[in-house]
Every structure is written in structure tokens, then in C-alpha cells.
Amino acid sequence: NTAVGFNSLLSNLTGQNVAVGSCALYTNTTAADNVAVGFSAMRLTTTGADNVAVGTQTLCTNTIGCRNVAIGHQALNGNTTGGQNTAVGSSSLNVNTTGDCNTAVGKGSLDANTTGTRNIAVGGEALGANTTASFNNALGYKALCSNTTGASNIAIGTCSMRINTTGANNTAVGDKALCSNTTGISNTAVG
């Protein structure tokens, strides 16, 4: 183990962890193979293993979630048991609690996601309002940014499907494609 910082790895009982920063891996007991760098990074982790957290309060409330990667201020901050998530960017997947297998790259991407699974958001605020919806793909700044519960959507392009909230099974390719759709289902727009 390597611990650098006030109260880092304070409760640790096992090996192969790296904690750098005040209160990093603070409550860790038996979890192994974790890397936590930053103030309160992985602070509440007890048994969650194979995680990487870089940044202030990254994976802060994670308890047993495994195989997560969080890079950026408060990335995956609210995660408790969700696993196999990747969050890169300030506040990406910020309030995710139990959602699994999500990828968020960009400031505020998948920021409101709590239990949604298998979502991919690449771009600032992409899928930012998503809470429980699953199987969405958003590529581009603010793509699907208002989506809350609409599932199985594909939005590629800046602001594509920007105001969609509950619409499902839609495909939008192009700058602002399907930008007025809110609840429509099974639509395709290219261009």
C-alpha cells in the first residue's frame, strides 16, 4: 500500500492500494487494487476493488462498486454500488448510484444519471439530464442533453435530439438533427 495525505487509507486492512490526498480511500477496509488521487477520492469505499479515481471527490461515496474509472472533479461522485463505469470530465456521471456499464466523456456528460445502464455519452453535457434510461448513445456537445427516461436512442452531432425527454428508439445524425423531438418514438433523421 501507498498512502500520502492526512487520513488516507486510515481504515485499511489489506494490500495493493494507492491513496494520495487527504481522506483518499479513508474507509477502505478490504478492497484491493484501487488507485485514488485527490481530496476525498474514494473516501467511502469499503470493499469495492479495481477502481481508479483521479480528482477531488471522485468516486467519493462509492462503497462496493468495482472496476470504475473516474477522472475529473466529482466524476462518479455519487456512485455507491455501480460498476464498470467510465467517467472522464468534471461532474461526469456525477450522481450515478447503481448504474452499470456507462461511459461518459465530457464535462457534465450523464451528470444526472442515477440507475441508467449501458449509456454512452461523449461531449460536454451529452445525455446530461438522463436519469434512469438505458441503451442510449450520444455523441456531440449537448446531444440528447434533455433526455430523462427515453431509451435506445442514437444521437450523433452537436445538439442532436437536444430537447428529447422521453422519446425512444430514435436515430438522429447531423448537427441539430431531430432537435424538436421531445416524446416521439422510432424516428430517423439524417442531415
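1. The protein chain carries 7 positive and 6 negative side chains, and the centres of the two sets lie 7 Å apart. Lys and Arg count as positive, Asp and Glu as negative; His and the chain ends are left out. Each charge is placed at NZ of Lys, CZ of Arg, CG of Asp or CD of Glu.

2. This is a predicted model: local features need pLDDT of at least 70, side-chain atom pairs count only at pLDDT 80 or more, and totals for chains, interfaces and linings use all residues. Residues are numbered from 1 along each chain as its sequence is written, and side-chain values use heavy atoms, without hydrogens and water.

3. The protein chain has 12 strands and zero helices. Both are DSSP runs, numbered from the N terminus: helices are H or I of at least four residues, strands E of at least two.

4. The C-alpha trace spans about 55 × 20 × 15 Å along its principal axes. Contacts (heavy atoms within 4.5 Å) are also worth a look. Of those with a separation of 6 or more, 0% join residues 24 or more positions apart.

5. Buried residues make up 47% of the 191. Buried means under 20% relative accessible area, exposed over 50%, partly exposed in between (1.4 Å probe, protein chains only).

6. Cys-159 is buried, at 13% relative accessible area. Cys-101 is partly exposed, at 25% relative accessibility.
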